[in-house]
Amino acid sequence: MTLTNKQKQYLKGLAHSLKPVVLLGQHGLTEGVLAEIDLALNFHELIKVKVAAEDRDTKALIIDAIVRETKSIKVQNIGHVLTLYRASEEKKISLPRAK
């Protein structure tokens, strides 16, 4: 699934007031962290994850792995905070229609 720019802007607006629900610590990306992100996406659809990696390349690799493993969509990445979206069965967030 891909999002249009209009849909991404809508999700960014919704995510603005959210706080990170998952924090990656010193142990980095583990199975437990991935499971927690997956659980949060199932429950909320739109979440923020704080990725505490000093190196830009390492952070980019971690973000790519999170997106790939959780089958989610990266809405935006600002500093250490990553915003993810994945539609759940209940469709809690209704996206604007794609043209």
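Reader: How many salt bridges does the count come to?
Author: This is a predicted model. A pair needs a side-chain nitrogen of Lys or Arg within 4 Å of a carboxyl oxygen of Asp or Glu. By this rule the count is two.

Reader: Which residue forms a salt bridge with arginine 86, and how far apart are the closest N and O atoms?
Author: The cut-off is 4 Å. The partner of arginine 86 is aspartate 38, and their closest N and O atoms are 2.6 Å apart.

Reader: How many residues apart in sequence are the parts that this pair ties together?
Author: Arginine 86 sits in the segment after β4. Aspartate 38 belongs to helix α2, residues 31-44. The bridge therefore links parts whose separation in sequence is 48 residues.

Reader: Which residue forms a salt bridge with arginine 68?
Author: Arginine 68 is exposed, with a relative accessible area of 54%. The closest N and O atoms of the pair are 3.7 Å apart, and the partner is glutamate 69.

Reader: Lysine 59 is buried yet has no salt bridge; how far away is the nearest side chain of opposite charge?
Author: Side chains of opposite charge can pair when their charged atoms come close. Lysine 59 lies in helix α3, residues 56-70. A salt bridge would need a distance within 4 Å. The nearest side chain of opposite charge belongs to glutamate 54, at 8.7 Å.

Reader: Which backbone oxygen does the side chain of lysine 59 reach?
Author: Set aside neighbours within four places in sequence, and lysine 59 is in contact with Val51, Ala53, Gly79 and His80. One backbone oxygen is reached at 2.9 Å, and it belongs to glycine 79.

Reader: Where is glycine 79 found, and what is its relative accessibility?
Author: Glycine 79 is in the loop between β3 (73-78) and β4. Its C-alpha atom is 9.0 Å from that of lysine 50, 29 residues apart along the chain. Glycine 79 counts as partly exposed, with a relative accessibility of 46%.

Reader: What separates the C-alpha atoms of glutamate 90 and threonine 2?
Author: Glutamate 90 lies in the segment after β4 (81-85). It counts as exposed, at 59% relative accessibility. Glutamate 90 and threonine 2 are 88 residues apart along the chain, and their C-alpha atoms are separated by 19 Å.

Note on methods: Residues are numbered from 1 along each chain as its sequence is written. This is a predicted model: local features need pLDDT of at least 70, side-chain atom pairs count only at pLDDT 80 or more; totals for chains, interfaces and linings use all residues. Side-chain values use heavy atoms; hydrogens and water are left out. Helices (H or I, at least four residues) and strands (E, at least two) are DSSP runs, numbered from the N terminus. Buried means under 20% relative accessible area, exposed over 50%, partly exposed in between (1.4 Å probe, protein chains only). Lys and Arg count as positive and Asp and Glu as negative; His and the chain ends are not counted. A polar contact is a pair of N or O atoms within 3.5 Å; within protein, one must be able to donate a hydrogen and the other to accept it, and residues adjacent in sequence count only if both atoms are side-chain atoms. Contact means heavy atoms within 4.5 Å.
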